[in-house]
Amino acid sequence: MQYSPDLIRITDEITVSSTMFALYLVNAEALSLNLSGVRCYLNGCHLLCLNTTDTVTIHGGQYEARGLCFRPDFYNIGLNHLVIEDDGYEDLRARCSFPDFHLFLKRDDTYCGILPLSADIYTSLRNRYTLAERFVDAHDVDPMWSCHARSQLISVMCLAESAFAGQKEGSAGAVIQYIREHVERPMSVESLCQMFKTNRTTLTKMIRASTGMAPMEYVMEERLNQSCPDLLFTALPIGDVALKYGFSGANYYIRAFKRRFGKSPLQYRNDGLERLRQHDKEMQ
């Protein structure tokens, strides 16, 4: 893919683009702003999810910001704003496994495009932005730059979705959110018990009541599910995808993936590419 700053860019200035979605990571102190007519006061870490029709006016306070801006066709060549906003997009999304982009488009009394973040997730997102910028900057020497940068965008959107979902009531929600947001880290029942100051029996009951799975079954489920967009929307080697999502190697990942989905990661990728090619033909 040929690079253009109008396709994807990393920026420190909060602006709205007529063609790009934007994810602004903000660390604020008494920040007063108006987002599309809604007056907001921010302290601490937040993520601003801006669409092409949003307006932003900063009134006062201090902040530092880091933005990841991208056109939908950077995620996949078959996507654009008209497709995403069409009434038939839900069916298309289900068929091609596209994201729903609701973080940018949803607006109601409880959500205006701003997500509060924990310090831990802010740091994780900041690291993803740094990696994305590094890959974008290497566009003239790395033929795989777009796949690497898109992989980071996929992770950023996954973390944003988790922040949107928030913690469910009770202790189980905190554990589930931690697993969802840290699938790349080594985990065991013992380490989770230690982190959340509980015992194996209680942890297992909490996770099973919320997910229907034992703790490590749920960890595996999250790792496999989160790896799917990397298979579909990047050309990263299977081994790289495996390592990104916490697997010790490609063979272990392939076996686990096949048990879960009934096909290998490569078969899953090829089947998905065929669906995307069919979609591209329909768009012509």
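Tutor: We start with orientation: angles under 35 degrees count as roughly parallel, over 145 as roughly antiparallel, 65 to 115 as roughly perpendicular and the rest as oblique. The axes are lines fitted to C-alpha atoms, for helices over the stretch in contact, and the angles run from 0 to 180 degrees between N-to-C directions. Helices (H or I, at least four residues) and strands (E, at least two) are DSSP runs, numbered from the N terminus. The model is a predicted one, in which local features need pLDDT of at least 70 and side-chain atom pairs count only at pLDDT 80 or more, while totals for chains, interfaces and linings use all residues. Residues are numbered from 1 along each chain as its sequence is written, and side-chain values use heavy atoms, with hydrogens and water left out.

Student: At what angle do helix α10 and helix α12 pack, and how far apart are their axes?

Tutor: Two packed helices are described by the angle between their axes and the distance between the axes. Helix α10 (residues 215–233) and helix α12 (residues 250–261) pack at about 100°, and their axes are 11 Å apart. The helices α10 and α12 are therefore roughly perpendicular to each other.

Student: Which residues of α10 and α12 meet?

Tutor: Contact means heavy atoms within 4.5 Å. From α10, Met220, Glu221, Leu224, Asn225, Ser227, Cys228 and Leu231 take part, and they meet Tyr252, Tyr253, Ala256, Phe257, Arg260 and Phe261 of α12. By class, the contact of α10 with α12 has nine nonpolar, two polar and two charged residues. Here Ala, Val, Leu, Ile, Met, Phe, Trp, Tyr, Cys and Pro count as nonpolar, Asp, Glu, Lys and Arg as charged, and the others, Gly among them, as polar.

Student: How is the crossing of α9 and α10 described?

Tutor: The axes of helix α9 (residues 200–211) and α10 come within 8 Å and cross at roughly 50°. The helices α9 and α10 are therefore oblique to each other. Leu203, Thr204, Ile207, Arg208 and Thr211 of α9 make this contact with Pro215, Glu217 and Tyr218 of α10. The residues of the contact of α9 with α10 comprise four nonpolar, two polar and two charged.

Student: How many aromatic pairs does a search of the whole structure find?

Tutor: A pair of aromatic rings is described by the distance of the centres and the angle of the planes. Rings of Phe, Tyr and Trp (its six-membered ring) pair if their centres lie within 6.5 Å; planes under 30 degrees apart count as stacked, over 60 as edge-to-face and the rest as tilted. The search of the whole structure finds 19 aromatic pairs. One of them is the stacked pair of Phe74 and Trp145, at 6.0 Å centre to centre with 25° between the planes. This pair links distant parts of the chain, 71 residues apart: Phe74 is in helix α1 (residues 72–75) and Trp145 in helix α6 (residues 145–165).

Student: Which charged residue lies over the face of Phe74?

Tutor: A charge sits over a ring if NZ of Lys or CZ of Arg is within 6 Å of the ring centre and within 35 degrees of the ring normal. Arg150 lies over the face of Phe74, at 4.8 Å from the ring centre. Likewise, Arg260 lies over the face of Phe261, at 4.7 Å from the ring centre.

Student: Are Phe74 and Trp145 buried or exposed?

Tutor: Buried means under 20% relative accessible area, exposed over 50%, and partly exposed in between (1.4 Å probe, protein chains only). Phe74 and Trp145 are both buried. Phe101 is found in the loop between α3 (89–96) and α4 (102–105), and has a positive phi of about 60° although it is not a glycine.

Student: Where is Ile14, and which residues does Ile14 touch?

Tutor: Ile14 lies in the loop between β1 (8–11) and β2. Ile14 counts as buried, at 14% relative accessibility. Not counting residues up to four places away in sequence, Ile14 touches Tyr24, Val26, Val56, Tyr63 and Ala65.

Student: Is Thr53 buried or exposed?

Tutor: Thr53 is exposed, with a relative accessible area of 62%, and is found in the loop between β3 (38–50) and β4 (56–70).
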